[in-house]
Structure formats: structure tokens, C-alpha cells
Amino acid sequence: MADLKEYTMAEVGEHTSLDDLWVAVCGRVFKIKEEYLDDHPGGREVLTAVAGKDATEAWVDVKHSKSARKKMQAFLIGKVKGAEVKEQLTDPSYIWPEQIEWEKRKQSPKSDNNLTYIAAFIVMVLAAYLALN
């Protein structure tokens, strides 16, 4: 981190065009490549709206995934002079507290859900059988 060039927010603010778009996130400065603008999952509008600005609040609100944080490392060009660097929030290995629960749900066996559907189906068939007899 010590070898990153320092930029003032005034310098970041000078880079707002599509072919030269910089944003500050968590005390770091990122130069977003023009070809990435259309690949951004939120659309180019999300990035152009924060061009030349501190986008930390928007970044944190979205709670970007590990893959997003990993991808953004390719755009890192420096740090904001005098800003507190919240390195963990842009570190690909960091997991948002909310993501821990999401990851647990994602990794839990789906058989529990299947059992619920099967049990509901059996109850419906049994109810239909009893109603017809």
C-alpha cells in the first residue's frame, strides 16, 4: 500500500470522462476502463454518476461480492491523500457480515427444500383422495 501514488480528491475530480473515469472507494483511487463500463452489472450509469467522486458510500451500500472486489483490483491506481484507507472493504478475501448468512444459506443442502415440497404434495394428494371418497 505504501508504494501507491497519492491523489487529492481535486485530482480525482478532474477525471470524469468515459475514457478517463476515476472514482475513490474506501480511500483508494480506481481508474475504470471504458470497455468495462458496459460490463458493470449495475450499468454504466452507476459508474458515470460517481465519476470523479468518492463512491465509498455507494460501494458499501451495495456490499460488492468477492469477485467484484477482485475485479476492481485491476483498476487500482493509487490512494486518496489524507484519507483513511478501509482496505478490508475492497479486499477480495473480506466477507461482509451479511454475506456470511447468505453463504451459509447458499451452501446448505437443497434436500431440505425438496422435502418440504414433497411433504406438501403428499398432503395435497391425500386431501384430494379423502375429498373424493
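1. K79 has a relative accessibility of 15% in this predicted model. The residue therefore counts as buried, since the cut-off for buried is under 20%. Its salt-bridge partner is E6, and the closest N and O atoms of the two are 3.9 Å apart. The pair joins distant parts of the chain: E6 sits in strand β1 (residues 5–7) and K79 in strand β5 (residues 76–80), 73 residues apart. E6 has a relative accessible area of 39%, so this residue is partly exposed.

2. How many salt bridges are there? The count is three. Besides the E6 pair, K31 and D20 meet through their side chains at 4.0 Å, N to O. K31 belongs to strand β4 and D20 to strand β3, so this bridge ties together parts that are eleven residues apart in sequence. K31 is partly exposed because its relative accessibility is 36%.

3. D38 and R44 also form a salt bridge, with 2.9 Å between the closest N and O atoms. D38 is exposed, as its relative accessibility is 56%. R44 has a relative accessible area of 25% and is partly exposed.

4. Which residues gather in a patch of negative charge on the surface? They are D19, E34, E35 and D39. Of these, E34 is found in helix α2, which covers residues 34–37. Its relative accessibility of 38% makes E34 partly exposed.

5. C26 deserves a look at its backbone. Most residues other than glycine have a negative phi. C26 is not a glycine, yet its phi is positive, at about 55°. The residue lies in the loop that runs between β3 (20–25) and β4 (28–32). Is C26 buried or exposed? With a relative accessible area of 1%, C26 is buried.

6. On the overall layout, the chain contains eight helices and five strands. Read from the N terminus, the order of elements is β-α-β-β-β-α-α-α-α-β-α-α-α. The chain has 133 residues, and 28% of them are buried.

7. The average pLDDT is 79, and 77% of the residues score at least 70. Where is confidence lowest, and where is it highest? The lowest mean, 57, belongs to helix α7 (residues 97–107), while helix α1 (residues 9–12) has the highest, 96.

Terms used:
Residues are numbered from 1 along each chain as its sequence is written. This is a predicted model: local features need pLDDT of at least 70, side-chain atom pairs count only at pLDDT 80 or more; totals for chains, interfaces and linings use all residues. Side-chain values use heavy atoms; hydrogens and water are left out. Patches are made of residues with over 30% relative accessible area and no salt bridge: like charges are joined within 9 Å, nonpolar side chains (Val, Leu, Ile, Met, Phe, Trp, Tyr) within 5 Å. Accessible areas come from the Shrake-Rupley method with a 1.4 Å probe; for residues, only the protein chains shown count as cover. Lys and Arg count as positive and Asp and Glu as negative; His and the chain ends are not counted. The place of a charge is taken as NZ of Lys, CZ of Arg, CG of Asp or CD of Glu. Helices (H or I, at least four residues) and strands (E, at least two) are DSSP runs, numbered from the N terminus. Buried means under 20% relative accessible area, exposed over 50%, partly exposed in between (1.4 Å probe, protein chains only). pLDDT is the predictor's confidence in each residue, from 0 to 100.
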